[in-house]
Amino acid sequence: MYFVKAYAELILAEDFCNGVPYGNTVGTVVTYTDPITNKDGLTLAAARLDTALTLATGTDAFSLNIHYTLEVAKAR
């Protein structure tokens, strides 16, 4: 799920103008950040991908594919 959230943040930062508010849901309560710049959106996505890479430690084929996908997204 870290990949999905990071990918969404990448798309928002790349395809929309500056000033996109990002949100987080805890339970049923949605909270939004102040609008942030595209650069900050990319930084947010990179941090989320770093977290995902830290947690992706499996050695089976599926886990390695996830790890490689995360690395490609991070390189983007």
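## Basis

Residues are numbered from 1 along each chain as its sequence is written. In this predicted model, local features need pLDDT of at least 70 and side-chain atom pairs pLDDT 80 or more, while totals for chains, interfaces and linings use all residues; side-chain values use heavy atoms, without hydrogens and water.

## Helix α2

Helix α2 spans residues 38-55, 18 residues in total. Helices are DSSP runs (H or I, at least four residues), numbered from the N terminus. From first C-alpha to last, α2 reaches 26 Å, close to the expected 26 Å; the expected span is 1.5 Å times one less than the number of residues.

Gly41, Ala45, Arg48, Leu49 and Ala52 of α2 are buried (under 20% relative accessible area, 1.4 Å probe, protein chains only; exposed is over 50%). They sit on the same side of α2, because their arc around the axis is only 100°, taken from the directions from the axis to the C-beta atoms. Lys39 and Thr54, on the other side, are exposed.

## Cover from α1 and α3

The cover over the buried residues of α2 includes α1 (2-15) and α3 (61-75). Glu9 lies in α1. Glu9 is buried, at 4% relative accessible area. Its contacts (heavy atoms within 4.5 Å) include Gly41, Ala45 and Arg48, leaving aside residues up to four places away in sequence.

## Packing of α2 on α3

The α2 and α3 axes come within 10 Å and cross at roughly 160°. Axes are lines fitted to C-alpha atoms over the stretch in contact, with angles from 0 to 180 degrees between N-to-C directions. The two helices are therefore roughly antiparallel (over 145 degrees).

Ala46, Leu49, Asp50, Ala52 and Leu53 of α2 meet His67, Leu70, Glu71, Ala73 and Lys74 of α3.

Definitions and conventions: Angles under 35 degrees count as roughly parallel, over 145 as roughly antiparallel, 65 to 115 as roughly perpendicular and the rest as oblique.
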